[in-house]
Protein chains: 2
Amino acid sequence: MYSEEELIERVRRKFTPHADGLSVGIGDDAGVVRPKPGADWIVTTDAFLENVHFLRKIHPPKSVGFKALARAASDLAAMGARSRFFLLTLALPDACTGKWLDDFLEGMARAARRFGLVLIGGDTTKYELVWINLTVIGDADRGKAVLRSGARPGDVICVSGRLGEAELGLQLIHRRLHRKNRWSSLLKKHLYPEPRLALGQWLVKRKWANAMIDTSDGLSTDLGHICKASGVGAKVFAEKIPLVRMLPDLQRLGLDPLRLAIDGGEDYELLFTMPKRLASRLPHQMEGIPITTIGEITREKRICLIDSSGRSRPLKPGGWDPFRKRR
Amino acid sequence: MYSEEELIERVRRKFTPHADGLSVGIGDDAGVVRPKPGADWIVTTDAFLENVHFLRKIHPPKSVGFKALARAASDLAAMGARSRFFLLTLALPDACTGKWLDDFLEGMARAARRFGLVLIGGDTTKYELVWINLTVIGDADRGKAVLRSGARPGDVICVSGRLGEAELGLQLIHRRLHRKNRWSSLLKKHLYPEPRLALGQWLVKRKWANAMIDTSDGLSTDLGHICKASGVGAKVFAEKIPLVRMLPDLQRLGLDPLRLAIDGGEDYELLFTMPKRLASRLPHQMEGIPITTIGEITREKRICLIDSSGRSRPLKPGGWDPFRKRR
């Protein structure tokens, strides 16, 4: 049995204590940071909960720690922000205060180093289930953060990575196939997602993106968010969507790669729109991650999916919404 | 059954959408704020959980909303910061998405207006229990935030308000006496605590406080935090502690006012140290809240409680620690 103070000390030891602009880190009533002159601050908060977002029996604690922070950092990527600081609220059962916590913190510390985030505060409490809340803070040059609301008719719609990879991992878990060795690499995107911070910042630097979001809820839902915020519609070409690669022996599971790509959540890729005249200058990949043009923004406020024969059908939000039943 | 989007819309409507320095409020991937030039940012996060911090059957939803934000704002008060923005993570059972949520939001919106906090983002999800996490952001002139670590031998120790009032309310609830009309006013401090933001800022402006903390865990624990962080000790005079007022018919409950004051948590008063030479200039009250000198900081690293006959005994941390059993 640990005291709260000992737990805080264990958390503190796992993370870098110093950073540019950090005056007071964890240990006082609040963290104190010095914003860079001329920068806007980008702040977001994200819950990651046992039995909602992960299962303690299935998800390794390293993945839980890594993914909790990656998800939150992805919202910074979606604004094109530079990642700076984070605060961790951690509720734990007694059974998780030993090795589970060590592994969890190791995963989170790895994510923090990888994504350039420094822990500046938090809260710990005891609970029956593991409850994690992350608040992440980034910055961007004044007025440069990319919003959901800037998409304009005629913009091309682009996406990073391959869509549906995280959902495929989740489906393998649902089918209890995740322990099969030959498929374990397919779980990587589900367990250790990579927020596209470099791409987001690169787009901001060039002022190329008019609107941007991360694909946390799935393409159909997240494109809907952009269209709604921007007061526009979109058409997406099914053939152009970068689909998850399906191994032959996965196909008999009845998983449709297009469906995984459209409605599957948690890929944490960037979905953005940009003026068509710039599209030819967009690289096809960045740091090995493909960047693909999948459609365009329209004046009519419908969102359509166009198949290979040119037929159009409405693309309805089918992604993750915790207040609706999962399809 | 509500969708997440409808829920977010209901939350958004309850709060002020505009504020100085706010570029993008709730609705995008993150909030965007413009820090005041020359200011430090003070950031803290705080969980408020059903069955740990409140009971849905006993605590009115208005109190849950108010107190969740008040607790978090109290950490800003403890740094002497000005309150600015907050982010709300809210997990809710279906049963709480109707009137319960309306009342909860009303209580939180009242607290937000009262404490000068503007909602800039959040996260909602479905869960079996009500789970709330608040991140609050304040600012202070550069380098002026008051830390726990600045107490010096010879400083006087001061506290605002009366200690033990919130604990008395909690004890009445434990004894199922909270519905008795003549005692309902005693619950106010437990249900609707008031962070001492004005006092904190006033002390910062005058540069009078060397160290400060809010009494969230109880005097014995929180004074311990100051002493540990500052590498000092303290003596506290029992007779000087501003005790909760006990009505005569409460005394037969066997509650000891001194014990309530020393170990009772959640008063959210300010506990601070300041140079002795300034003590005579400290007002006895501010906005009706008493300010009392209760002891002094010592070089020896013990914390002692001195009774009316001059006897000294160690003052051990007896306050709230979620990872220890409640005494």
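How many salt bridges are there between chain B and chain A? I counted eight salt bridges between the two chains, a salt bridge being a side-chain nitrogen of Lys or Arg within 4 Å of a carboxyl oxygen of Asp or Glu.

**Ground rules.** I am working with a predicted model, where local features need pLDDT of at least 70, side-chain atom pairs count only at pLDDT 80 or more, and totals for chains, interfaces and linings use all residues. Residues are numbered from 1 along each chain as its sequence is written, chains are lettered from A and ligands numbered from 1 in the order in which they are written, and side-chain values use heavy atoms, with hydrogens and water left out.

**The interface.** I looked up one of the salt bridges: A:Asp29 pairs with B:Arg148, and their closest N and O atoms are 3.0 Å apart. On the chain B side, strand β3 (residues 39-49) of chain B gives the largest share of what touches chain A, with 10 residues; strands here are DSSP runs (E, at least two residues), numbered from the N terminus. By class, I noted 32 nonpolar, 17 polar and 19 charged residues on that side of chain B. Ala, Val, Leu, Ile, Met, Phe, Trp, Tyr, Cys and Pro count as nonpolar, Asp, Glu, Lys and Arg as charged, and the others, Gly among them, as polar.

In total, 68 residues of chain B are in contact (heavy atoms within 4.5 Å) with 67 residues of chain A. The area buried between the chains is about 5400 Å², and carbon and sulfur atoms give 57% of it; this is the accessible area (1.4 Å probe) that two parts lose on being put together, summed over both.

**A:Asp40.** Buried or exposed, I wondered about A:Asp40? A:Asp40 is buried, at a relative accessible area of 2%; buried means under 20%, exposed over 50%, partly exposed in between (1.4 Å probe, protein chains only). This residue sits in strand β3 (residues 39-49) of chain A. Its side chain meets that of B:Arg34 in a polar contact of 2.7 Å, and also reaches the backbone nitrogen of A:Gly143 at 2.8 Å. A polar contact is a pair of N or O atoms within 3.5 Å; within protein, one must be able to donate a hydrogen and the other to accept it, and residues adjacent in sequence count only if both atoms are side-chain atoms. Leaving aside neighbours within four places in sequence, the contacts of A:Asp40 include A:Asp139, A:Arg142, B:Ser23 and B:Pro35.

**Strand β7 of chain A.** Five of the five residues of β7(A) (residues 156-160) are buried, so this strand is largely enclosed by the rest of the structure. It runs antiparallel to β10(A) (residues 270-274), with four bridges, and A:Ile157 is partnered by A:Thr273. Five bridges join β7(A) to β12(A) (residues 289-298), also antiparallel.

**Strand β10 of chain B.** Last entry: five of the five residues of β10(B) (residues 270-274) are buried. B:Leu271 is the bridge partner of B:Val159 and stands opposite B:Ile213.

Definitions and conventions:
Two strands pair if DSSP finds at least two bridges between them.
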